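Which side-chain contacts hold charges and rings together here? Take a look at the model before reading on.

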Amino acid sequence: MTESDTRTTHFGFKTVEEDQKAGMVHGVFTRVANRYDIMNDVMSAGIHRLWKDAMMDWLAPRPGQKLLDVAGGTGDVSFRFLKRAPGAAATVLDMTESMLVEGRKRAEAESLAEQLSWVAGDAMALPFQDNTFDVYTISFGIRNVTRIQDALSEAYRVLKPGGRLMVLEFSQLPNPALQWAYDRYSFNVIPAMGQIVAGDRDSYQYLVESIRRFPDQETFAGMIRAAGFEQVKYRNLTMGVAALHSGWKI
Ligand SMILES: C[S@@+](CC[C@H](N)C(=O)[O-])C[C@H]1O[C@@H](n2cnc3c(N)ncnc32)[C@H](O)[C@@H]1O
């Protein structure tokens, strides 16, 4: 490969070679895994719990469904899904083993271990057959994936016809004054909190930069449609700090 063939992407505000990004993201989540859940509560003042509940309200899990929770980390979304859908089964896939280790401990504690499987893997090359799952979720994960469009195509492939995709991700505030205030909070407070609570400023600097780089609601909806999904809709959460996107494989 010549130098001009080298494809680049972004890691927060840095430009990196495409094949370096996954290793860097893996490094971030390996470092934060054992403080991940507490940091989520601290940084969002617990609001991420309300967003995940809103995701479940819109998704309306049904008994017996098979969920694939990609970039599922410590299992937050899968636990909520299983608690609402008796007899359902969930597969949590994540590329960072230490996040899955933390999730397994929580599953034991919540007596949900039997309905769960934990798989180390990449959202861009899912180790599952076509038409396997009823529901595909990805919560605060897609922003970290090197080629987002590839991950969306994989979501489409592994869903059964009639299956549903739901994405929870940080987004953009449509009001410029609020976006300005939110940026001040993000860039000044979150990395400092990361240093104090998790002893890791850089990982939280990456977090806020990656949020700012992620496409706005309409652009992301277009990417979901481009992967083949229909009836694509979105809902803003907390004025657009986060958004839920839904699509169907018809
Ligand atoms: C912010 S955490 C989200 C965890 C969980 N879904 C939640 O909402 O709390 C992001 C997760 O995405 C995972 N991840 C990033 N890129 C990935 C990829 N290409 N394939 C699979 N997992 C990935 C990371 O390892 C990390 O566990």
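The model is predicted.

**Salt bridges**

The count comes to 18 salt bridges. Three of them are listed here.

| Pair | Closest N and O atoms |
|---|---|
| D53 and R80 | 2.8 Å |
| E110 and K83 | 2.5 Å |
| R157 and E154 | 2.7 Å |

D53 sits in helix α3 and R80 in helix α4, so this pair links distant parts of the chain, 27 residues apart. D53 is partly exposed, at 29% relative accessible area. R80 is buried, at 17%. Both belong to a salt-bridge network that also includes D37, K52, D76 and R106.

E110 lies in the loop between α5 and β5, while K83 is in helix α4; their pairing therefore ties together parts 27 residues apart in sequence. E110 is partly exposed, at 31%, and K83 is exposed, at 56%.

R157 and E154 stay within helix α6, three residues apart, or about one turn. R157 is partly exposed, at 24%. E154 is buried, at 13%.

Ten aromatic pairs turn up in the whole structure. One of them joins Y156 and F229 edge-to-face, with 5.1 Å between centres and 85° between planes. Y156 is in helix α6 and F229 in the loop between α9 and β8, so the pair ties together parts 73 residues apart in sequence. Y156 is partly exposed, at 23% relative accessible area. F229 is buried, at 3%.

W51, F140 and F170 make up one aromatic cluster.

Charges also meet rings. K66 lies over the face of F133, 5.5 Å from the ring centre. The charged end of R164 sits over the ring of W58, 5.6 Å from its centre.

Notes. Residues numbered from 1 in each chain as written. Predicted model: local features only at pLDDT ≥ 70, side-chain atom pairs only at ≥ 80, totals over all residues. Heavy atoms only, no water. Phe/Tyr/Trp six-rings, centres within 6.5 Å; stacked < 30°, edge-to-face > 60°. Helix = DSSP H or I, 4+ residues; strand = E, 2+ residues; numbered from the N terminus. Buried < 20%, exposed > 50% of the residue type's maximum accessible area, 1.4 Å probe, protein only. Lys NZ or Arg CZ within 6 Å of the ring centre and 35° of its normal. Salt bridge = Lys/Arg side-chain N within 4 Å of Asp/Glu carboxyl O.
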